Amino acid sequence: MQPDPFGNLKDWGPVLELINKLADEDNLSECQHGLTRILRYRDNWRLREEVLKQIGKMENPDDALVRQVLNIIADEKLYYEVRILAIETMLELLKNGANSFATPVDTEILKTVENLLSSQHPPIFEPGLQRLYSVAREKFSIV
């Protein structure tokens with residue numbers, strides 16, 4: 001399978017169907033480059049949210065995909081619901097594939113979450129950040 005089979009993201013209906021088909025067939029990990037592109041794409045919230053809902057099950061996410069999920073968590077221009085969804089996805093990725101993260105990605109996750117915790121956010125966002133920080137410290141063996 002090609003690493004980005006999604007084509008034109010403006011025609012989002014077939015892209016959404018393909019994401020769900022690949023997820024059902026457990027083939028999402030074969031097109032991580034395309035999934036990363038969808039997460040970067042700002043013109044369709046449905047695609048972004050669907051990818052976040054599906055990728056948490058991946059056992060070996062690549063660094064670019066993990067970093068893009070982290071970018072969504074940190075992006076203060078995005079709405080909190082998608083940022084919380086990204087936190088939930090990152091927690092799933094840590095649970096399923098933390099041993100495969102490269103050391104720079106581990107450090108980047110912790111640093112980003114620490115920075116976010118040092119600033120003020122709405123109460124709806126704080127518990128997810130706290131949980132992510134706690135789980136990441138535990139997974140990366142930081143006391």
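Reader: Why is Asp-75 called buried?

Author: Asp-75 has a relative accessible area of 14%, and buried means under 20%, exposed over 50% and partly exposed in between, with a 1.4 Å probe and protein chains only, so Asp-75 counts as buried. This is a predicted model, in which local features need pLDDT of at least 70, side-chain atom pairs count only at pLDDT 80 or more, and totals for chains, interfaces and linings use all residues. Residues are numbered from 1 along each chain as its sequence is written, and side-chain values use heavy atoms, with hydrogens and water left out.

Reader: What makes the pair of Arg-42 and Asp-75 a salt bridge?

Author: A salt bridge is a side-chain nitrogen of Lys or Arg within 4 Å of a carboxyl oxygen of Asp or Glu, and the N to O distance between Arg-42 and Asp-75 is 2.4 Å. Arg-42 lies in the loop between α2 (32-40) and α3 (45-55), while Asp-75 lies in the loop between α4 (63-74) and α5 (80-97), so the pair ties together parts 33 residues apart in sequence; helices here are DSSP runs of H or I with at least four residues, numbered from the N terminus.

Reader: Why does Arg-42 count as exposed?

Author: The relative accessibility of Arg-42 is 52%, so this residue counts as exposed.

Reader: How do you know that Lys-21 forms a salt bridge with Glu-25?

Author: The closest N and O atoms of Lys-21 and Glu-25 are 3.9 Å apart, and a salt bridge requires within 4 Å. Lys-21, at 47% relative accessibility, counts as partly exposed, and Glu-25, at 41%, is likewise partly exposed.

Note on methods
Helices (H or I, at least four residues) and strands (E, at least two) are DSSP runs, numbered from the N terminus.
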